[in-house]
Structure formats: C-alpha cells, structure tokens
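Look at the sequence and the model below before reading on. The paragraphs after them go from the whole to the parts.

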Amino acid sequence: MRASQLHLPTLREPPKDAETISHQFLVRGGYIRRVAAGIYSFLPLGVRSMEKVKRVVREEMDRAGAQEVFLPAIVPAELWIESGRWQKYGPELLRLKDRKQAEYCVGPTHEEVVVDLVRKDVRSYKQLPINLYQIQTKFRDEIRPRAGLMRGREFVMKDAYSFDATVEGAHKSYKGMYAAYNKIFTRLGLRFRPVEADTGNIGGSMSHEFQVLADSGEDAIVACSACDFAANVEKAPLQPSDWADTPDDLDLPHAVETPGAKSIEQVCKLLACKPEQMIKAVLYMADEAPAVAFVRGDREVNEIKVKKALGCQALFLAEADWFVKATGLPPGYLGPILPDDFEPSRVRLIADAEIAGMATAVCGANVKQQHLVDVSPSRDLAHLTFADLRMAVAGDACPTCGGALQAFRGIEVGHVFYLGQRYSKAMNATFLDEQGQEQVFEMGCYGIGVTRILSAAIEQNHDARGIRWPVALAPYEAVVLAMGQDAVITELAAQLAEELRQAGVDTVLDDRDERPGVKFNDADLIGYPLQIVVGKKAAEAVVELKVRHSGEKLELPAAGLAGQVAKAMVLGRAGQTLTADLLR
C-alpha cells in the first residue's frame, strides 16, 4: 500500500473531548472518528487493527473447539422476559418498538438468544458439549460514555457460550476458554493478568477478568507477590482477624463531645487519634430497609461484599434525611453500640472482620456531637455480625498463602463466567441424558472486548510522540519512508516495499511528497512497529531501521533485508516484543 493512496487523515492536535491517551492517539492517528457520544466510525487503519484482533481471536477459539455463529443484534423482549433480565438490566438496555408496537432491545450480550437457539436444536447429551461464539457489534447505553473506545456505547465484542451435560463438563469448558484467553492476549503482545472477579449483571458463580496492566486503568486489582493469586479489589477475599484482647487498664466506653466533627478526618484532629483507630459507619438502603456497614476508619467499603453479606437484591447509599426518619439515628455520629431502648430490628448492622482485631477504637455515640472512646471490639461489639466487607489494598495478606498483596491498575479486555443453570433453567432449556431423563444445560459465557483491546494496548504502549503497537495489533507492520523524490531513493524504497510485501510483511510505502519531519511524525504517531528509512545512503543500498517500541536504530544493507524482517515479524505476531536484536 502506498501512503499517497491511503486514507490517512492524521491530526496535529487532539480533539477537545479526548480524555485519555488512547482516545487522543486513535483520533490523531486517523483510526477513528466520533459520530455521537460513545459511537465511532472506524477508518482504514482502525479496521485493519480491529481485523487483526478478530483473526487471533478466531484462530484460538476455533483451536479450542468453539464454532462461530452470527446472532441477531435486535432481540425480542420475550426472550429477556423469560430470563428475568428485561426488568432487572436497567437503563443501559436500549429498548425499542417496531411498527407493530412489539418490544425489542439492541443486544448488549446474547445469553438469551443462544439459549433459545440451543434448546431448539440440541436434544441429546450425545450432541454435547457445544461452544458457540460470535464477533458482533453490541450496544450498551452508558450514562457517561468516555475515553473513546474504552467506555463506548457501541462496540465490537466476541461472545461465546458453552453448553454441557454436567457440572464437571462445564468446568472443563471454562478451563478451556480460560486457557484460550491466555493464548489470545499473549499472541496480541499485551502484558495482562487474569484475576478473580465479580459476576455482575451476567450472573453465575465463578468468573475471571483478563486485565491489561496500565497505570491509566479504571480497575484496581491486587496480586500476591508470593503465589499466583490475583483478583479485582471488588472480589478479593481478605483473611479474617482474630479477636484482639481487651487491654487490662481500658475503661468502659464513654462519650466525649465532638461538636461539628462528622468526618473521620475531623474526629481524628479533634481527638488526636489516627483513622486506623476509628470505626467508620456507611449508611445504606438495602431492599428499601436501613442498614449500616462498619469498617476501620482508613478502609473503604466494598459494596459488592456488603450486598452479598446482607443477602439483598438492591443496595444504595442512604440519603441522610431518609435514614434519620427510618431509624432516628444521627448520621455522622452513628456507631455500633446502640442505645438500650433502641429496637434492633429497625436497622441491620454488619461489620468488617478486621474490626475484631482492633484492641481499642473510637466510634460514633449515636448522639449528635458525641463519639465513644475506649471501645474494645472483643468486649463491646460481640453482638455484631462480622464479615469480609472491605476493599483490598496493597499490603493486605493474600487469602491463599498469606503473602503480601501488591496493587495494580488494569483495563478489562476479557471476562469468563461459569453460569451454571442461571439462564438455561429460567428458559427451560433441557436435553435428554443417558437414561432418557430431561436435564438442564450447564452453561458458561466468555467475552472479549475487540475494540476495547485497541485502546487498552495503546494505554500500555505509547510515548509522547504516539502509539507503539505490538506487532500483532499494528495496522501495518512496517513503513518504508522515502526521504526525497530523488530517483535512486524512490526506486530503492519501492523495491524494498515490494520485497517486504512478497515476504509476507504488511508494509506501507510512504511515497508522499512531504517533508521528512512530517513523515517521521506520522510514522511515530501511527505506531508502525518498524520504520525503514531510505535516504542519504540509498546509492550505497544501505538503509536505516528504527524500532518504534524501543527507539533503537541500526543501519543495514537493503539486500536480504526483507527476509530478516519477515523472520522477526513471525516472532512479533506470536507476542514477542520487536527489538533490534531480532533484526540483525
């Protein structure tokens, strides 16, 4: 491909709405253009990179035994009503009616459709296991689409669904997809971690996220420094604390005046204590009833854990006025030791297990302008229900081996779920077992954000000048830069580009009549993994190679260069980082 014929509308300045590096470079590099909030057109470079992701995904899914299908984007409401998600999914589900006023939705995911397909066609255990996947455009009406392809409303996703006769078979399918995902992200040249995760709106009992590690990631994850444990902080289980002994000289809890001090910081300043010596109360409405979660003052509440511990369907932070009206207790001064005349059934109290390990504590006195001091959890708080409620942080003990957890930021690009019978039972999807008895399918589902991978890769691989694509994701693997219109230069550049193409290397010949600075800037911005500069030594048939990822440069003879580059690109397509050593 000649750059003079390529639609390559690069920009010098980022768009005003581009918050993240990946969004800026995808627009500036001529990969995408905004159509509406969270909706983008893909230009030729963007399509090529996206198709390369799809190719790797298809190859590994096919190798793992999955079969490709293509399901409708518009889904009738009755299928979602069957599964129970029509009412529960929320405003992200884009609902519409046809001319006959029949209700539909634009599929954000396709569990219902594939269950309907399989229950009609698969009748015997002899037809199992089966794993069906598709690569298709989805739509989720995000309340605040942002970060370009990272959090868009319309996106391309690979979603797969496995059906098995037994739990053991379903676990085997899950492990197969888990292994396939590791191969996919390795081949794409990404630094990633599979982590334990919450199942969210999809449901099920087991799930792992595949997180691309990047400082700009919106997900917080923790991983053990001593073993393979890794989890999203929302999922990471934490070890319970043993009860701390009450100090022999500790007084009974007594109230002290704390006028106007409602926050942890204000109380600590007034009473000369530290946040880790305090018990913090977070007020909730759990299924329309008041509830309070207590954690140590320096910790954050994990609402997913709180919701599970309370066994509620809906959990929201409570409005102060509503909470006072429902309980009579004062927000800002609420603590776990309730007044003697208070009816306990009026509010549910639950405490993080770490509080049990505090020797002494400060907490709200349930009286305005007052806090309690000299509280001993082992002596004074035995009436509470304790559970793992806090968000994991660096330094916490690994729940598997006890080692220290480390903190990372990540961008979720893949998610695997073991669903069990979550959808098949609700939709009466059954098959006949060996005894001729009807059984419900055991299911798993497996998603990869095809378009999100592009953003995640850039967040992980860039510098101030532009993108540094892994070879497997680059729209073109190499660019030949003709530095001038001299016949010797243009002829050698064209010859090299053709030799590279014939050797199987995706190559662009930048034959534009532009200044060298423009060509260099565009090459860095677009992120070609290898730049081959044909310039002042063209008469000697010597060219300069620049490796985009590392910035390394070397001079090599043009003769035989295409073969050397082709060998290096084979390694790059398998996930290896391109370096100058691979090209020598």
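The model is predicted: local features need pLDDT of at least 70, side-chain atom pairs count only at pLDDT 80 or more, and totals for chains, interfaces and linings use all residues. Residues are numbered from 1 along each chain as its sequence is written, and side-chain values use heavy atoms, with hydrogens and water left out.

Begin with the whole. The protein has 14 helices and 31 strands. Here helices (H or I, at least four residues) and strands (E, at least two) are DSSP runs, numbered from the N terminus. Taken along the principal axes, the C-alpha atoms fill a box of roughly 95 × 65 × 50 Å. The protein has 584 residues, of which 53% count as buried. Buried means under 20% relative accessible area, exposed means over 50%, and partly exposed lies in between, with a 1.4 Å probe and protein chains only.

Now turn to strand β30, residues 542–547. Five of its six residues are buried, so β30 is largely enclosed by the rest of the structure. Which strands pair with β30? One is β29 (residues 530–534), which runs antiparallel to β30 and is joined to it by four bridges. Another is β31 (residues 553–557), also antiparallel, with five bridges to β30. Two strands count as paired if DSSP finds at least two bridges between them. K546 of β30 takes part in both pairings: Q531 stands opposite K546, and in β31 the bridge partner of K546 is K553. The hairpin of β30 and β31 has five residues between the strands, and in this hairpin G551 takes a positive phi near 80°.

The loop between β29 and β30 holds A539. Is A539 buried or exposed? At 71% relative accessibility, A539 counts as exposed. A539 and A523 are 16 residues apart along the chain, and their C-alpha atoms are separated by 24 Å.

Next comes empty space. Rolling a probe the size of a water molecule over the atoms shows where such space is left. A pocket is found on a 1 Å grid over the protein atoms alone: it is an open set of points where a 1.4 Å probe fits, with protein on both sides within 12 Å along at least five of seven lines, and its lining residues have an atom within 4 Å of a point. The second largest pocket holds about 310 Å³ of space. A volume is the space filled by probe spheres set on the points, and grid points are joined across faces, edges and corners. This pocket is lined by 20 residues, and the closest to its centre are K262, K280, A281, V282 and G332. The elements that give two or more residues to the lining are α7 (264–271) and β14 (279–286). β14 supplies the largest share, five residues. By type, the lining has 12 nonpolar, five polar and three charged residues. Ala, Val, Leu, Ile, Met, Phe, Trp, Tyr, Cys and Pro count as nonpolar, Asp, Glu, Lys and Arg as charged, and the others, Gly among them, as polar.

The last topic is contact between side chains. Side chains of opposite charge can pair when their charged atoms come close. A salt bridge is counted when a side-chain nitrogen of Lys or Arg is within 4 Å of a carboxyl oxygen of Asp or Glu. How many salt bridges are found in the whole structure? The search finds 42.

One of them joins D506 and R48, at 3.6 Å from N to O. D506 lies in the loop between α12 (487–502) and β28 (507–510), and R48 in helix α2 (residues 44–63), so the pair ties together parts that are 458 residues apart in sequence. D506 is partly exposed at 25% relative accessible area, and R48 is partly exposed at 28%.

Another salt bridge links E498 and R501, whose closest N and O atoms are 2.5 Å apart. Both residues lie in helix α12, three residues apart, about one turn of the helix. Salt bridges that share partners also join R296, D298, R299, D352, E354, R390 and D396 into one network.

A further salt bridge is formed by D463 and R465, with 3.2 Å between the closest N and O atoms. D463 counts as buried at 18% relative accessibility, whereas R465 counts as partly exposed at 43%.
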